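Subject: Structure handover

Hello,

Here is the structure for you to look through. My notes follow below it.

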Amino acid sequence: MAVDLGTGLIALASGAAIGISAIAAAIAEKEIGVAAVGAMAEKEELFGKGLVLTVIPETIVIFGLVVAILILNLAKGG
Amino acid sequence: MLSPHEMSSVIITGPKSVQEDIIKELHALGVLHIVEHSKNELADIGTPLEGASKLSEMLVKIRALIAALGIKKEKIQLELKKDMMDIDSSIRKINDELNGCLEELKKAESQISRNEPLRQELEHLKDISIPLEHLASYKSLACFTGYVKNQNDVAEIKVQLSIITKNFLLLTSAAKKRSFIILFVDTKTRENAELILKKNNFSPVILANLQGLKGTAAQNLKKTEDEIKRLESSKESTIKKIQKLSEQHKDFLLASEALLSVHLEKAEAPLKFAATQSSFLVKGWIPTEELHKSIDKLNKIGKGNIYIQFGSARKKDKVPVKLKNSKIAKPFEFFMDLYSMPNYKEIDPTFFVFLTFPIFFGIMLGDIGYGIVSLAFFWLLKRKMPNAKNFFNILMVASFVTILFGFFFGEFFGFEIYHPAVSREHEMFKLMYIVLGIGAVHVNIGLVVGFINVYKAHGLMMAIYEKAGWIVMELGVAMLALSYFKLISISPFIGAVFLGAAILMIFKGEGVKGIMELPGIFTNILSYVRLMAIGLSSVILAVIINESATEFFHHGGFFVFIGVLILIIGHLINIMLGLLGSFLHSLRLHYVEFFSKFFTGGSKKYQPFGLKEE
């Protein structure tokens with residue numbers, strides 16, 4: 001399947017949008033997750049709160065996903 | 001349904017003469033959540049009942065025995081017909097027997113470890129037939145023991161030694177690959193001999209445990225090995241003895257552990273009471289529906305000597321919370337345990353979680369086949385682990401909803417079996433708009449619940465500022481957006497007015513913090529896109545698995561087998577990933593996006609005295 005350069009660039013851009021935002025979220029969640037596990041080792045009831053705090057940066061990936069979808073849409077429309 | 005059980009505060013006071021009877025009755029009733037008294041100038045905490053220290057001493061011993069005998073905890077139906085003295089003496093007896101066994105075990109082990117180095121030394125010497133007493137130290141002879149690499153080295157050593165001296169004796173034995181040698185030389189040539197040995201790859205072995213042994217190494221080796229064998233077998237028989245001991249006394253130990261725990265709980269109850277020299281006072285909470293029945297019973301026991309005061313909860317009381325939900329929503333209280341109990345006056349969100357958790361889970365997993373597999377899997381797990389019943393009930397409900405959404409999406413293990421209402425694989429955008437709509441509804445339900453909470457706690461105006469402000473803002477932004485895209489024909493000015501009013505309300509309600517969080521509500525709604533995204537990734541994986549398997553099926557023969565393997569393993573992995581993702585993300589949408597709109601929480605869970613937690 002031959003793809004012209006523009007389509008390829010669009011695919012790359014949407015890939016980068018989600019990939020880089022996923023890396024960012026992963027770094028943020030790493031820091032929080034470490035602290036949350038540490039707190040849980042002291043006090044097990046903190047699981048619920050730890051989970052909530054750990055997943056907060058996940059929204060970043062959702063933004064990445066939305067941007068990626070918008071870029072793909074651009075490809076369809078253009 | 002939406003609020004917890006009503007609680008009444010209770011204060012019981014009476015003379016110490018009836019304290020023990022009252023404790024027994026309270027324990028039997030199992031309704032009073034005791035509020036611990038802390039020492040103040042009016043009253044100290046109570047002292048434990050008589051025999052409490054003896055009880056805890058016995059309990060420590062029993063638990064130590066259970067641990068030492070490796071007994072696993074299980075429920076047993078054994079009625080103990082003995083009194084405390086009998087239990088105590090039986091425990092002593094078991095303890096003595098166990099200690100005897102452990103002593104024997106330790107002795108055998110230490111003897112084995114003492115014999116082991118000797119055996120190794122004798123192993124080196126076993127092919128050399130000089131009596132061991134000849135290896136003692138001499139004044140005029142130096143003795144070397146050790147290994148060289150091979151027979152060539154031995155020959156070489158012999159040649160070189162004979163050049164420097166005639167007075168030497170070289171004994172050799174061929175062990176596996178290398179040769180063991182013993183060399184006696186005159187002390188005068190000791191240093192030269194050492195040099196020669198070093199040149200010929202000699203690595204010395206120090207024999208330190210041979211003193212006092214007579215006869216050849218082979219004879220001694222046999223003796224030592226027999227000794228070790230004897231010790232090993234005695235060690236094994238001791239271990240068997242301990243196992244037998246554990247089998248024999250398992251039921252007794254577990255039953256007496258349970259019995260004594262209950263006794264100790266009663267005996268130590270006064271530590272939570274307030275006490276003066278001759279009276280006691282206990283504060284706590286009883287569910288209102290149990291109140292009068294319990295008070296009647298206590299009064300009967302107290303025989304007119306006690307006084308019980310009760311009343312409903314006041315605004316500032318820290319009331320323990322006992323959630324009240326219908327049987328079907330009850331398992332979902334697990335999520336509240338995991339997070340935090342709602343406050344007494346707050347709306348209990350369990351019912352909302354019961355409604356939406358399985359739906360979110362279902363949208364994300366959404367496959368008839370996956371739903372059936374996970375339903376069966378959790379049903380099996382529930383039978384294996386009845387302790388985690390609630391958890392598996394939640395997952396079974398969620399799996400059932402997954403099957404329903406599977407029909408909606410028309411998916412069976414990733415295959416689209418008919419043209420569905422919405423195809424997750426091909427109609428990504430349609431589904432995205434649907435889940436965004438679900439998100440908007442869910443977040444707004446949260447805001448409405450928050451409105452009711454604030455209204456109950458701080459009045460109508462606060463509720464309007466704090467919670468309705470957000471709804472007005474959503475309306476304003478929606479109007480602005482729709483009029484921008486020319487979808488409705490109103491002036492953007494109206495939308496802007498709504499937005500401005502909303503910002504003022506939020507500022508009044510929540511201050512600067514609220515203004516900073518203004519965009520938060522839209523990221524919250526956007527967050528529901530994950531319902532589509534996680535589902536999509538699960539479908540795409542399933543489709544890839546199916547496609548690569550069909551590729552193999554086309555080749556025929558042996559490849560069919562590989563295809564089947566890919567299908568089974570691939571879908572199993574995908575189901576596992578899907579279950580984990582769907583569970584955590586559905587939970588997250590509730591904890592973060594939904595609860596943040598209304599939930600404060602932080603109450604203590606209602607834990608009545610005398611009732612074992614399930």
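Helices (H or I, at least four residues) and strands (E, at least two) are DSSP runs, numbered from the N terminus, and two strands pair if DSSP finds at least two bridges between them. This is a predicted model, in which local features need pLDDT of at least 70 and side-chain atom pairs count only at pLDDT 80 or more, while totals for chains, interfaces and linings use all residues. Residues are numbered from 1 along each chain as its sequence is written, chains are lettered from A and ligands numbered from 1 in the order in which they are written, and side-chain values use heavy atoms, with hydrogens and water left out.

Strand pairing

Strand E9 (residues 279–287) of chain B pairs with strand E1 (residues 7–15) of chain B in the antiparallel sense, through nine bridges. In this pairing B:Gly284 of E9(B) stands opposite B:Val10. Strand E2 (residues 33–35) of chain B is also antiparallel to E9(B), with three bridges, and B:His33 has B:Trp285 as its bridge partner there. Two antiparallel bridges link strand E8 (residues 274–275) of chain B to E9(B), where B:Ala275 faces B:Phe280. With three residues between them, E8(B) and E9(B) form a hairpin.

Domains

Chain B has domain 1 (137–210) and domain 2 (330–597), with bounds that come from an automatic or database domain assignment. Taken over C-alpha atoms, the centres of domain 1 of chain B and domain 2 of chain B are 82 Å apart.

Helix H5

Which residues of helix H5 (residues 190–199) of chain B are buried? They are B:Ala193, B:Ile196 and B:Leu197; buried means under 20% relative accessible area, exposed over 50%, and partly exposed in between (1.4 Å probe, protein chains only). These residues are on the same side of H5(B) because they cover an arc of only 100° around the axis, the arc being that of the directions from the helix axis to the C-beta atoms. Exposed on the other side of H5(B) are B:Glu191, B:Leu195, B:Lys198 and B:Lys199. The cover over the buried residues of H5(B) includes strand E4 (141–148), helix H4 (151–164) and strand E6 (179–186) of chain B.

B:Lys303 is not a glycine, yet has a positive phi of about 50°. B:Lys303 lies in the loop between helix H7 (288–302) and strand E10 (307–312) of chain B, and counts as exposed at 69% relative accessibility. B:Phe413 is not a glycine either and has a positive phi of about 50°. The loop between strand E11 (411–412) and strand E12 (415–416) of chain B holds B:Phe413, which is partly exposed, with a relative accessible area of 22%.

B:Tyr465

Helix H13 (residues 460–484) of chain B contains B:Tyr465. Is B:Tyr465 buried or exposed? B:Tyr465 counts as buried, because its relative accessibility is 19%. Leaving aside neighbours within four places in sequence, B:Tyr465 is in contact (heavy atoms within 4.5 Å) with B:Met505, B:Ile506, B:Lys508 and B:Gly509. The C-alpha atoms of B:Tyr465 and B:Ile301 are separated by 54 Å, and the two residues are 164 residues apart along the chain.

Regards
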